[in-house]
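Colleague: Could you take me through the fold and packing of this model, with the cut-offs stated as the terms come up?

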Amino acid sequence: MQTVISNRIHSLLKQAGIAVERSTLRTKAGKEAVTHLELDEITLFQIKELFEEWDQLDAKKAALNDRICLQGSRYYQEVPRVIIFTRQGNDNSPGPFFGVF
């Protein structure tokens with residue numbers, strides 16, 4: 001989902017004639033710089049909303065990771081590292097796959 005958000009922000013910036021590396025959007029400084037660009041009001045509003053959604057996804061992923069680690073600590077001596085893979089594509093693709101390593 002964050003890739004979709006990143007692509008949408010990049011597209012909005014490109015439409016405004018601003019070239020930004022996608023990796024810039026992943027940093028706090030990059031996000032801050034983008035929100036201070038001289039953009040029309042609607043574009044800036046959309047970008048800020050997308051960054052807010054991105055932050056909410058980060059918080060949800062962190063909460064899920066904490067919950068999985070807490071559950072895993074009941075069964076393992078050490079806290080497992082969790083890797084979450086998601087598949088996006090056609091409707092026949094399986095839902096999220098969770099792997100504990």
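Predicted model: local features only at pLDDT ≥ 70, side-chain atom pairs only at ≥ 80, totals over all residues.

Modeller: Residues are numbered from 1 along each chain as its sequence is written, and side-chain values use heavy atoms, with hydrogens and water left out.

Colleague: In what order do the elements of the protein run from the N terminus on?

Modeller: Helices (H or I, at least four residues) and strands (E, at least two) are taken as DSSP runs, numbered from the N terminus. On that basis the secondary structure comes to three helices and two strands. Read from the N terminus on, the order of the elements is α-α-α-β-β.

Colleague: What percentage of the 101 residues in the protein is buried?

Modeller: A residue is buried under 20% relative accessible area, exposed over 50% and partly exposed in between, with a 1.4 Å probe and protein chains only. By this criterion the buried part of the 101 residues is 27%.

Colleague: Which residues does L13 contact, leaving aside its neighbours within four places in sequence?

Modeller: Contact means heavy atoms within 4.5 Å. With neighbours within four places in sequence left aside, the partners of L13 are I18, V20, L25, V34, L37, L39 and I47.

Colleague: How are α1 and α3 oriented, roughly parallel or roughly antiparallel?

Modeller: The axes are lines fitted to C-alpha atoms, for helices over the stretch in contact, and angles run from 0 to 180 degrees between N-to-C directions; angles under 35 degrees count as roughly parallel, over 145 as roughly antiparallel, 65 to 115 as roughly perpendicular and the rest as oblique. For α1 and α3 the angle is about 165° and the axes are 10 Å apart. The pair is therefore roughly antiparallel.

Colleague: How do the residues of the contact of α1 with α3 divide into nonpolar, polar and charged?

Modeller: From α1, the residues Q2, I5, S6, R8, I9, L12 and L13 meet T43, Q46, I47, L50, F51, E53, W54, L57, D58 and K61 of α3. Ala, Val, Leu, Ile, Met, Phe, Trp, Tyr, Cys and Pro count as nonpolar, Asp, Glu, Lys and Arg as charged, and the others, Gly among them, as polar. The residues of this contact then divide into nine nonpolar, four polar and four charged.

Colleague: At what angle do α2 and α3 pack, and which residues of α3 take part in their contact?

Modeller: Helix α2 (residues 28-35) packs with α3 at an angle of about 160°, with the axes 10 Å apart, which makes the two roughly antiparallel. The contact residues divide into five nonpolar, one polar and four charged. On the α2 side they are K31, V34 and T35, and on the α3 side L44, I47, K48, F51, W54, D55 and D58.

Colleague: Is S6 buried or exposed, and which residues does S6 contact?

Modeller: S6 lies in helix α1 and counts as buried because its relative accessible area is 7%. Leaving aside neighbours within four places in sequence, the contacts of S6 are R22, L25 and W54.

Colleague: What is the relative accessible area of H10?

Modeller: H10 also has its place in helix α1, and, leaving aside neighbours within four places in sequence, H10 is in contact with V20, R22 and L25. H10 is buried, with a relative accessible area of 17%.

Colleague: How far apart are the C-alpha atoms of E53 and I5?

Modeller: E53 is in helix α3 and is partly exposed, with a relative accessible area of 31%. Not counting residues up to four places away in sequence, E53 touches M1 and I5. E53 and I5 are 48 residues apart along the chain, and their C-alpha atoms are separated by 8.2 Å.
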